[in-house]
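Please read this briefing with the sequence and the model side by side, and look up each residue as it is named.

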Amino acid sequence: METKLDWCKLTSNDILKKLGTSTEGLSSKEVVSRLEKYGYNEIKFKRRGPLIRFLKQFNNPLLIVLIVAALACFFLWAFMGEEEVIMDMWVIIGVVIATAVIGFIQEGKAEASIDALKDMLVDKCKVIRDGETKVIPAKELVPGDLVIIESGDKVPADLRILSSKSLHLDESMLTGESMPVNKGPEDDPNNKNNEEKYCTVYGGTFVTSGRGKGIVYATAEETEIGNIAKLMKSSGQTTPPILKKISAFVKLLIISIISFGVLMFGLGVLEGYEIVYMFLAMIGMIVALIPEGLAGAIIAAFAVGSTVMARKKAIVRNLPATETLGSVTVICSDKTGTLTKNEMTAVKIFSGKKMYFVEGVGYEPVGQILEKDGNTKAKLTPELIQTLRTGFLCNNAGIAIEKERYVAKGSHTEAALIVSATKAGVDEKLLKLDEIPFEPKHQYMATLHEDGEENIIYVKGSPERILKSCKYQFVDGKKLPLDKEIIMKNVEDMAKDALRVLAMAYKKVPKDKLSLDEGDISDLTFVGAQGMIDPPRKEAIDAIEKCKTAGIRSIMITGDHALTAKAVAKQLKIGDGEDKVLTGKELSEMTDDQLYEVVNEVSVYARVEPEHKYRITKQLQRKGHIVAMTGDGVNDAPALKAADIGVAMGVGGTEVSKEAADIILTDDNFATIVDAVEEGRHVYDNIWKVILYIMPTNGGQGLAMAGALFLAPFIPLFSHRFPIEPVQILWVNLIIAIACAIPLIWEPAEKGLLQRPPRDPNEKLFNKFFMGRVGLVSIIEVTMILSMFLLFFKSVGNSLEFMPQAQTIAFTTIIMIEVGYLFTARSLRGTAFKINPFRNKWLILGVVATLALQVILVYSEPLFGTSPFRTAPFPAIWWIPLCLVATTSFFIIEIEKFIRRRLEIKKTTI
């Protein structure tokens, strides 16, 4: 099919010929033929079945680690007869399934964004077929069908209007334009500006008034909504940085663990050990090295971060988004309502060749009209009164009090004009006789009122349009010839200050004039202009400053005029030092490669259409940025989905934009995004703490198993049993992850999160800091495990009958080291001595639970008559060196952090 631009350029007669139809509509026979050719009028989305979607979740490195752990438990049970590991196996399987279910649900939410688009299509519509008007299922529409649309209808497909009467449509879900737009045939005299989209209407939009007849030129995925759906499907899902890093790390970990196990197996066989013994030893090492609790702990960190963000008015729909926010390098934001208050306020008035200032902000009618000096109350001259009256009467808005706050009812711009007039006491109401409503194409609104012996027309609109219809101006109570040059100079001065300017004019008409038409909008008398601004949110200004400190670029994308965008950006301090404002027209003329060349140099985009956001997003990502993109309209959905973080507006956003987004703001506030970024960095810090806490446990245990194997030829004790049993290793991995590691995700945020630069998205998880910390703690652990094991044996005369007690000592040593390490792991680099030990109650509870359970396990045989973890009670005096083990591990890490801090300080001062 042709593109929609080609359809706009054709005349009505040409379209009828091209689509092979007439004013009688298609025949039933022709409809059947076209259905075969074009298919049904519905958005097709290839959906995987629930089972396939669920199974796909297991293709995840995090889950592969857990599945391998479960298989290891199975081997221990099947080949060693370890009945105790069955419970551990089921626990791990439970974690795997729970994780897969969460992924399954999240993917279902992602697909819901396409469903939301599908829901925008209508069920039934009215068509002309075989010369008769019929009501048919909308999915049976085909190109060439003649469709009748009326007030209250939802448009069933993309149509070219052939005839209309007062037809207005709400296209806000596509364009973001809140006012209904007038539509009609290409030769409609109302189409003064010859806009090519004037004669087309789009599927999913609403008819607010009037009626029309149109010919279907696009159905299904060829429609405007269909194109959006295709973009959303092609953009795919962006993998969060942390999952990319963990995925790469886990793949390396799996290869390393298997290679290490096979190497140990080969070396053992070469040294003369039995093959069965070495196979079991290999399984034991693999169990020791696999971090079973890592996936569950990370998912818990995402969940906790999501809960915190919800309290801060940011609802997270995609759990990993909590961390991705911490990696953001660019925030692309809409202007109105996000960076600004969305509360238009008249602040300047030009009338009678004089400039006035208006006190007050928002819709509360408190303040005065001031002279140019800004201090003296202005005298209400006839022309100033008439300017205020025009704004007050040529108006359909209102002001109301809700929850002790003044709010606008209707257009925010018109509400601002009511407030400015009320502040001066100009609030007399005159009977309205007729009205020409504002339309973007006309750029004005006019009302006709009774006014004593005469009637009066009040007109407001864009200065250029109003001045075009004016012949006079009102100065010092007199009608004088129009001085357009002076008026436009003052208008331009207001525009440079980021003010939206509306010009006011009037015209007196005879008493018998009871209706308005466009011909009446001529020979007007200009009375003045009011300059309004949507004030920047103070918290947004502060948030942008925080972004600069945090190394995050703020980009403003707006549909406003370039001058207005530039002025608002200056107030917000966006793009300091930049002079470039890129417009939507310029964007449309640029190739992607050309946009790529300048995208790092532009912080303000003006007159931008929603579809341009997608291109901006992709080129920023191509530059290596992690992009957060805001949006509220249907056309914003592809950009929201393509961005690393899609941020939808919860107050003014469409359902489609919310479904496509990762995060929904409940207050539509830019500052909330920055708060969420800070929380994202906090989440990442805590995930880092969890990983750095869990991994040494596995490293120390694996090294202890390997060390025992290497030392067996020299220390015969190690040739009988390993220092720790595989079932004990499983217990340590699970209890440490659940009771100790997971509480780390509740650690309060460290100071200065937004003073750091964004993390390098290409930085690997397996970096120098990771290797140093994990390596150090692993060495401490293996040294302590083997030392305590041998010391106990030496104390009992190296008698093998005390092997269970020695293993229990080694088992408890791991727990004590992890408890000691936990208190210093609460800060990655800072000293634990400055942290309130009781500020994280969950961590304290976790430590108490871990130690209590360990005591129960040590003494389980005398207490319960059985020992599921092959433990045996040891003399109570050994709890003293075990406590020293915990203290030693704590101080060694604190010393390492102290040395690291000193080296970093020295490096920065050189």
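Tyr693 touches Ile736, Cys740, Ala741, Leu744, Glu818, Val819, Tyr821, Leu822 and Ala825, leaving aside residues up to four places away in sequence, where contact means heavy atoms within 4.5 Å. This is a predicted model, in which local features need pLDDT of at least 70 and side-chain atom pairs count only at pLDDT 80 or more, while totals for chains, interfaces and linings use all residues. Residues are numbered from 1 along each chain as its sequence is written, and side-chain values use heavy atoms, with hydrogens and water left out.

**Nonpolar cores**

- Tyr693 is also one of the residues that touch the most other members of the largest nonpolar core, together with Ile691, Leu692, Phe770 and Phe874, and this core has 82 residues.
- At least two residues of this core come from each of several helices, including α9 (241-270), α11 (294-311), α24 and α26.
- A second, separate core holds 65 residues, among them Ala446, Leu516, Val604 and Ile645.
- A nonpolar core is a set of buried Ala, Val, Leu, Ile, Met, Phe, Trp, Tyr and Cys residues joined through side-chain atoms within 4.5 Å, and buried means under 20% relative accessible area, exposed over 50%, and partly exposed in between (1.4 Å probe, protein chains only).

**The sheet and the helix across it**

- Eight strands make up an open sheet of mixed pairing, in the order β8-β27-β26-β25-β9-β22-β24-β23, and its edge strands, β8 (314-316) and β23 (582-583), each pair on one side only.
- Strand β22 (residues 553-557) pairs with strand β24 (residues 604-606) in the parallel sense over two bridges, and Ile557 stands opposite Tyr605 in β24.
- Two strands pair if DSSP finds at least two bridges between them; helices (H or I, at least four residues) and strands (E, at least two) are DSSP runs, numbered from the N terminus.

**Salt bridges**

- The structure holds 26 salt bridges, each being a side-chain nitrogen of Lys or Arg within 4 Å of a carboxyl oxygen of Asp or Glu.
- Asp145 and Arg129 meet through their side chains in a salt bridge (2.7 Å, N to O), which links Asp145 in the loop between β2 (132-137) and β3 (146-150) to Arg129 in strand β1 (residues 124-129), 16 residues apart.
- Asp145 counts as buried at 0% relative accessibility, and Arg129 is buried as well, with a relative accessible area of 7%.
- Arg773 counts as buried because its relative accessibility is 2%, and Glu896 counts as buried because its own is 14%.
- Lys126, Glu150 and Arg211 are linked in a network of salt bridges.

**The chain as a whole**

- The secondary structure comes to 30 helices and 27 strands, and buried residues make up 55% of the 910 residues in the chain.
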